[in-house]
Amino acid sequence: MREELDKKLVEKYPLLYRDRYAPMTETAMCWGFCCGDGWYNLIDILSALLCSKYNYAKERYDTIKEYYDADKKWPWVGGKEITPEDVEERRLEMEQAKELVPTVSQVKEKFGTLRFYINAGTDEHYNYIRFAENLSARICETCGAPGKRRGQGYIYTACDEHTEKGDLNVNETDYLNDERNYTPVVEGWLREFISTMDDGHLRPGNDSGDSPFGVKIIFDGYGENDDGEEDLNTESFAIFVHKNSLNEEFPEHEQTPWCLIHRPKEEVCIWAWYENDSDEVTIIPFEENNSTELDHDFVTKLIFEIEKRDNE
Ligand SMILES: [Zn+2]
């Protein structure tokens, strides 16, 4: 986002963006708003909502204080005179509301949609955020006009004018929608696997961790740094869900000496990354590659059914 708009948001919502200029060792907010100008209005409105209770309480306090200080103590609500206790009560309300304003820790674009992270929010805050993130899939990130998710491999949200020639609309899979967003489920499986797998240097194909019945998870190798060297901080994983995973044991893959043979007709492979230092898991939605020929809705439903099976 251009500097001018970035500054404007920080000035308008200083509490929310109090970490904007904090060091990178403390917050990812040091990178600013890592998305296009087209989402400025969306972020502006989301920011206003996240502070709305505090702003309301502040206005109420400012009003009573102004009247009190100007010696216009009468007539106040109910024909009474304003007392110092009335002023103090509103000041306390304002302080309480202030404590609940979350701190934003990261704002970025990912898979064509807005990702907005806060520290310690209320349910209401998270609902606003989810709404804004979903809406971003309909707003051109470049100019703010109505848009759609596009591209192949690299996914972005754009209006017709800002769509690269030849790029296609992405299937409206809408995996951000609550009941269809399976990635937190898969993340849960992966975290359980990671916490139970072998220690030490792993070989690709290692499946020593725990995974749900019928599902196969394997360590798939370490990342590479810019010099092409192995980066032990970054680990990649593959999560296989078979069409019969709900009721049957996972049917083992046939293997060549180097790798296993994927079966796109009967299973889906979901790739994921894990960063050791930040404890961050990134699930790559299967809709964004060609890892399966199974119906996408079927796969999504299956993931939720497996989760349900194991939680009952
Ligand atoms: Zn546009």
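**Figure 1. An open sheet of 3 strands has the order S1-S2-S3, with mixed pairing.** Strand S1 (33-34) and strand S3 (113-119) are the edge strands, each with a single partner strand, so one side of each has no neighbour in the sheet. This is a predicted model: local features need pLDDT of at least 70, side-chain atom pairs count only at pLDDT 80 or more, and totals for chains, interfaces and linings use all residues. Residues are numbered from 1 along each chain as its sequence is written. Strands (E, at least two residues) and helices (H or I, at least four) are DSSP runs, numbered from the N terminus. Two strands pair if DSSP finds at least two bridges between them.

**Figure 2. S1 and S2 run parallel.** The two strands are joined by 2 bridges. Phe33 has Val107 in S2 as its bridge partner.

**Figure 3. S2 and S3 form an antiparallel pair.** Strand S2 covers residues 103-110, and its pairing with S3 runs over 7 bridges. Glu109 has Leu114 in S3 as its bridge partner. Lys110 stands opposite Thr113, also in S3.

**Figure 4. Phe111 sits in the loop between S2 and S3.** The hairpin of S2 and S3 has 2 residues between the strands. Phe111 has a phi near 50°, a positive value in a residue other than glycine. Most residues other than glycine have a negative phi. How many other C-beta atoms lie within 10 Å of Phe111? The count is 19, and Phe111 is partly exposed. A residue is buried if 20 or more other C-beta atoms lie within 10 Å of its own, exposed if 12 or fewer, and partly exposed in between; C-beta atoms are placed from the backbone.

**Figure 5. Strands S8 and S9 pair in the antiparallel sense.** S8 spans residues 267-275 and S9 spans residues 280-283. Their pairing runs over 4 bridges. Trp273 stands opposite Thr282 in S9.

**Figure 6. Asp279 lies in the loop between S8 and S9.** This hairpin has 4 residues between the strands. Phi of Asp279 is positive, near 60°, in a residue other than glycine. Is Asp279 buried or exposed? Asp279 counts as exposed, with 9 C-beta neighbours inside 10 Å.

**Figure 7. Helices H1 and H2 pack at an angle of about 10°.** H1 is residues 3-12 and H2 is residues 40-50; their axes are 11 Å apart. Axes are lines fitted to C-alpha atoms, for helices over the stretch in contact, and angles run from 0 to 180 degrees between N-to-C directions. H1 and H2 are therefore roughly parallel to each other. Angles under 35 degrees count as roughly parallel, over 145 as roughly antiparallel, 65 to 115 as roughly perpendicular and the rest as oblique. From H1, Leu5, Leu9 and Lys12 meet Tyr40, Ile43, Asp44 and Ser47 of H2. By class, this contact has 4 nonpolar, 1 polar and 2 charged residues. Residues are in contact if their C-beta atoms, placed from the backbone, lie within 7 Å. Ala, Val, Leu, Ile, Met, Phe, Trp, Tyr, Cys and Pro count as nonpolar, Asp, Glu, Lys and Arg as charged, and the others, Gly among them, as polar.

**Figure 8. The chain is divided into domain 1 (3-136) and domain 2 (176-311).** Their centres, taken over C-alpha atoms, are 38 Å apart. Domain bounds come from an automatic or database domain assignment.

Note on methods
Two residues are in contact if their C-beta atoms, placed from the backbone, lie within 7 Å.
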